[in-house]
Amino acid sequence: MRIILASKSPRRKEILETLGICFEIITADTDEHSDQTDPALLVEQLAMQKAQDVQDLLDAQDQLEPNTLIIASDTVVALNGEILGKPHDREDARRMISGLQNTTHHVLSGIAFCYIDAQGNRKGAYTHASTAVHFGPMSDADVELYVNSDEPYDKAGAYAIQGLAGRWITGIEGDYFNVVGLPVNIMCELAKNAFGIDLLRV
């Protein structure tokens, strides 16, 4: 089976490698602008769009083979009704991190598949995972230390649980890998339930 990760994220790449999955990376230019205000629907919509865009790209290049699974994901942070994506700049990162301290927020990741089966039939499936993250207090100096690092600037919510930000995270409820950016449990369950594919045994 050909497995394609529709993401340039080094974190998602590392997670799939940790699982021992053999895959390649192909991405397409996806317009991630959306008026969707429900974070769960937003990440599902964007994940599915990323997978479909890669499928369309391969189709246009006549490289869409049977027995191919395209995996895509999208992650946001939701706090008190606000959707936090990647910060635009230093001030935006400072605003996000300052707002997250002393709160419980939710990290939502959409996971989507485009699957071309052995007969060439095209199928799709998508869902999302949500993890509650408890963030502790930060002093002004802590906030400045963090925004002066390289860590916040390509991360939803302006932080990385697996990095320096872990210093201020007091606990989570749900899938840790979802917070990193790829919900492993939900991904594997969706592939099995939707297509009968065991991702750990392909």
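The legends below describe close-up views of a predicted model.

**View 1. Strand E1 and the covering of its two faces.** Strand E1 spans residues 2–5. In a regular strand the side chains alternate between the two faces of the sheet. In E1, Arg2 and Ile4 lie on one side, and Ile3 and Leu5 lie on the other.

**View 2. Pairing of strand E1 with strands E3 and E2.** E1 runs parallel to strand E3 (residues 68–79), to which it is joined by 4 bridges. Within this pairing, Thr68 of E3 stands opposite Arg2. E1 also runs parallel to strand E2 (residues 24–25), and 2 bridges join these strands. Here the bridge partner of Ile4 is Glu24 in E2.

View 3. E1, helix H1 (residues 10–18) and E2 form a β-α-β unit that is right-handed. The loop between E1 and H1 contains Ser9. Ser9 counts as buried because its relative accessibility is 11%, under the 20% cut-off. A polar atom of the Ser9 side chain lies 3.2 Å from the backbone nitrogen of Arg11.

View 4. Ser73 is a residue of strand E3. Its relative accessible area is 1%, so Ser73 is buried, the cut-off being under 20%. Leaving aside neighbours within four places in sequence, the residues in contact with Ser73 are Arg12, Ala47, Lys50, Ser109, Gly110, Ile111, Gly181, Leu182 and Pro183. With one of these residues, Gly110, there is a polar contact: the backbone oxygen of Gly110 is 2.8 Å from a polar atom of the Ser73 side chain. For orientation, the C-alpha atoms of Ser73 and Ala28 are 13 Å apart, and these two residues are separated by 45 residues along the chain.

**View 5. The largest pocket and its lining.** The largest pocket holds about 840 Å³ of space. Its lining is made up of 36 residues, and those closest to the pocket centre are Glu32, Lys50, Asp74, Thr75 and Lys86. H1, helix H2 (39–60), E3 and helix H5 (176–180) each contribute at least two residues to the lining. Lys50, one of the residues closest to the centre, is also in contact with Ser73.

Technical notes:
Residues numbered from 1 in each chain as written. Predicted model: local features only at pLDDT ≥ 70, side-chain atom pairs only at ≥ 80, totals over all residues. Heavy atoms only, no water. Buried < 20%, exposed > 50% of the residue type's maximum accessible area, 1.4 Å probe, protein only. Pairing = 2+ DSSP bridges. Right-handed = clockwise from strand over helix to strand, strands pointing away. Contact = heavy atoms within 4.5 Å. Polar contact = N/O pair within 3.5 Å; in protein donor to acceptor, adjacent residues only side chain to side chain. 1 Å grid on protein atoms, 1.4 Å probe; cavity = no way out; pocket = protein on both sides within 12 Å on 5 of 7 lines; lining within 4 Å. Points joined across faces, edges and corners; volume = space filled by probe spheres on them.
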